[in-house]
Amino acid sequence: VDYVELLRVQLRQKKLMYIVDILMEEDESLNLSELMKWKRDDIVETLDDINKDDGNEHNIKSMHKNKFARMVVEMGAKQRECAAKRAQQQLAAAAASASPSASKVKLLIIGKEEEEAIEAIQSGKQAMDEHVARTKHLFSALDENAKAAKQNLQNVCHELKAMIDAKHEEVSKQIDMYHRYHLNLLKQRDAATQQSAKLVTKFFSDYESWFGDDKLTKSERKDNLVSAKDSIQAEVEKMKKYKDIKY
């Protein structure tokens, strides 16, 4: 009979396995096999200390503590009793096979110290088997955690990329909109500049010819020059509104 597994089943049925998880959280080296060697008072005292710990989030009910301690101690006693009987049977069988008078051997009595040693050997083997199984489980859990972490990272990266792509598209549309707006303003400036430059260039080309034109009187030439000056200054003044505009 696997008394450890039997105890685990009974604790699950009574919804008390959470206490085992709490104890193992406090001491990872502890397991049911080791716990079955404890005395009832030691179990209750340990659970009381956990409840009194200010940094502990768990709250173990008094009724659960007592029931848990009783079940563990009783199952531990059954395990020891069974181990002692099994040890006697094994020793008797060994003695029977080694002795010529084996057929006459009915019962082999062993001392308390031998009984405790056999119990410790069998209990230690069972505890070690649990440690091996738990270690294998931890390896598996570690690999699963790593896979889950990578998957979460990949999901986050996909979400971030989707957000960046959406923001890129949004900002790109804003840039296109501002480009069209400023391009329109720049075209308006270019049209005004070309018009003013054309007028100024015409006056610049004409004013020297006025000095060689015999048909113009001095007064008419003066009027032409003054008019050209006023027109050019007006065009230059008109262009000043574009001076500090940024595109």
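Figure 1. Glu170 is partly exposed, with a relative accessible area of 43% (buried is under 20%, exposed over 50% and partly exposed in between, with a 1.4 Å probe and protein chains only). Glu170 and Lys167 are three residues apart in helix 6, so about one helical turn separates them (helices are DSSP runs of H or I with at least four residues, strands are runs of E with at least two, and both are numbered from the N terminus). The model is predicted: local features need pLDDT of at least 70, side-chain atom pairs count only at pLDDT 80 or more, and totals for chains, interfaces and linings use all residues. Residues are numbered from 1 along each chain as its sequence is written, and side-chain values use heavy atoms, with hydrogens and water left out.

**Figure 2. Salt bridge of Glu81 and Lys85.** The structure holds 16 salt bridges, and one of them joins Glu81 and Lys85 at 3.5 Å, N to O. These residues are four apart in helix 5, which means a separation of about one helical turn. Glu81 is partly exposed at 47% relative accessibility, and Lys85 is partly exposed at 48%.

**Figure 3. Aromatic pair of Phe204 and Tyr207.** One aromatic pair is present (ring centres of Phe, Tyr or the six-membered ring of Trp within 6.5 Å; planes under 30 degrees apart are stacked, over 60 edge-to-face and the rest tilted). The ring centres of Phe204 and Tyr207 are 6.0 Å apart and the planes stand at 50 degrees, so the pair is tilted. Phe204 is exposed, at 56% relative accessible area, whereas Tyr207 is partly exposed, at 30%.

Figure 4. The largest pocket holds about 270 Å³ of space (on a 1 Å grid over the protein atoms alone, a pocket is an open set of points where a 1.4 Å probe fits, with protein on both sides within 12 Å along at least five of seven lines; lining residues have an atom within 4 Å of a point). Volume is the space filled by probe spheres set on the points, which are joined across faces, edges and corners. Of its 15 lining residues, Arg8, Met24, Asn31, Glu130 and Arg134 are the closest to the centre. Helix 6 gives the largest share of this lining, five residues.

Notes:
Salt bridge = Lys/Arg side-chain N within 4 Å of Asp/Glu carboxyl O.
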